[in-house]
Amino acid sequence: MLSRADMTDMHALAVFAVRAETSRGRLHPEPEAIGRSPFQRDRDRIIHSSAFRKLQYKTQVFVNHEGDFYRTRLTHSIEVAQIARSCARALGLDEDLTEALALAHDLGHPPFGHAGEEALAQAAAPFGGFNHNAQSLRVVTLLESRYAAFDGLNLTWETLEGLAKHNGPLPHPPAYVADYDARHPLDLGNFASAEAQLASLADDIAYHGHDIDDGLRAGLFDFGDIAHLPIVGAALADAGRASLDMPPPRLRHETIRRVINALISDLLASSRHRLAALAPGSADDIRRAKTAVIAFSAAVADANQAIRAFLFARMYRHWRVNRMTSKARRLTEELFRMFHGDPGLLPNEWRARAGEPGSARAAMIVADYIAGMTDRFAMDEHRRLTDIAISG
């Protein structure tokens, strides 16, 4: 849990934080905004993008129509941003850059969560494949079309760098990342900023918390099943001691709250230790470091692996989820096959860019089109293409 010390001096930036006043700028120069830093402006552009709005109808684990209370990509991204911003404040990092990266990290995800991504990657494999991190960069640098002077959102170098390599250096980047880097170098061989590293780990904290919450709510496992898990079991026991007759919904919330607090506390303590050992004098010192400086302790990293393995076996591969995953994969593969084989089925603006049937160009444009769909639009589009009783 954040201490009072963590919350003091809230606006002071550490020497190793990224600073808006020394930003490397945008690919297309623009006048500065009055009253907003460059990173606040990036965050606002991300929030107002069509790709961000569509996250509300994209699967996290459960397809949107399965229940109103389960997380979607949008609510997940908001939870990541809340955790990331709070931790950035505690570590003296730039909160606005951290928040922008957290909000943008899943913009490239296709419909139906990882099932949709796996199906799209397999279908597009002969033409270079599909990667949702690379697609996020593609969305903000090319596919969003809101401005007269340029494609994309024209975000700052620091935000683009963080999106491209928030999981670490990219010695072998996906094709689009490599192509973009050739035009606007993002220093792919080094680590990203501490802000980007933090946004990545806030993602882990958020989905561990909310996937356990959603799995319990859905009845995929119960409290007895998680009592043995590191961190989670201790949180459950501590929550149970708070009230012996606590109803299950409240016990669930109390447990998840403690899990998230434990992960955040470890992340802050471990990161401070690493930062003290490195003693960076600038954000570039963090980029040039040999290892990540924002990280869990070894014990908690191992605990996270155990939690991830449990969720994979008991939630992501639960038979109920498997059934929906199988249908989602098949639907996504069929959409790709139909559009790729006959780009004339695409709406006019997409068809004009797709080129010849079966070509690599058509595969790229079809992947862009499908990745931009929400779950329900993908299902509707599939029905329009396969049910003769439904008008196209």
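Trainee: Is arginine 287 buried or exposed?
Mentor: This is a predicted model. In it, arginine 287 has a relative accessibility of 5%, so the residue counts as buried.

Trainee: Which side chain does arginine 287 meet in a salt bridge?
Mentor: The partner is glutamate 161, with an N to O distance of 2.7 Å. Arginine 287 belongs to helix α14 (residues 283-287) and glutamate 161 to helix α8 (residues 157-165), so the pair ties together parts that are 126 residues apart in sequence.

Trainee: And what is the relative accessible area of glutamate 161?
Mentor: The value is 0%, so glutamate 161 is buried.

Trainee: On another topic, how many salt bridges are there?
Mentor: The count comes to 29 salt bridges.

Trainee: What does glutamate 99 pair with?
Mentor: Glutamate 99 forms a salt bridge with arginine 85, and their closest N and O atoms are 2.4 Å apart. Glutamate 99 sits in helix α5 (residues 95-104) and arginine 85 in helix α4 (residues 73-91), so this pair links parts 14 residues apart in sequence.

Trainee: Where do those two stand on burial?
Mentor: Glutamate 99 counts as buried at 17% relative accessibility, while arginine 85 counts as partly exposed at 24%.

Trainee: Which residue meets arginine 288 in a salt bridge?
Mentor: That is aspartate 285, at 3.0 Å from N to O. Arginine 288 counts as exposed, at 51% relative accessibility, and aspartate 285 as partly exposed, at 28%.

Trainee: Which residues do shared partners join into one network?
Mentor: The network consists of Arg36, Arg43, Asp44, Arg85, Arg89, Glu95, Asp96 and Glu99.

Methods
Residues numbered from 1 in each chain as written. Predicted model: local features only at pLDDT ≥ 70, side-chain atom pairs only at ≥ 80, totals over all residues. Heavy atoms only, no water. Salt bridge = Lys/Arg side-chain N within 4 Å of Asp/Glu carboxyl O. Helix = DSSP H or I, 4+ residues; strand = E, 2+ residues; numbered from the N terminus. Buried < 20%, exposed > 50% of the residue type's maximum accessible area, 1.4 Å probe, protein only.
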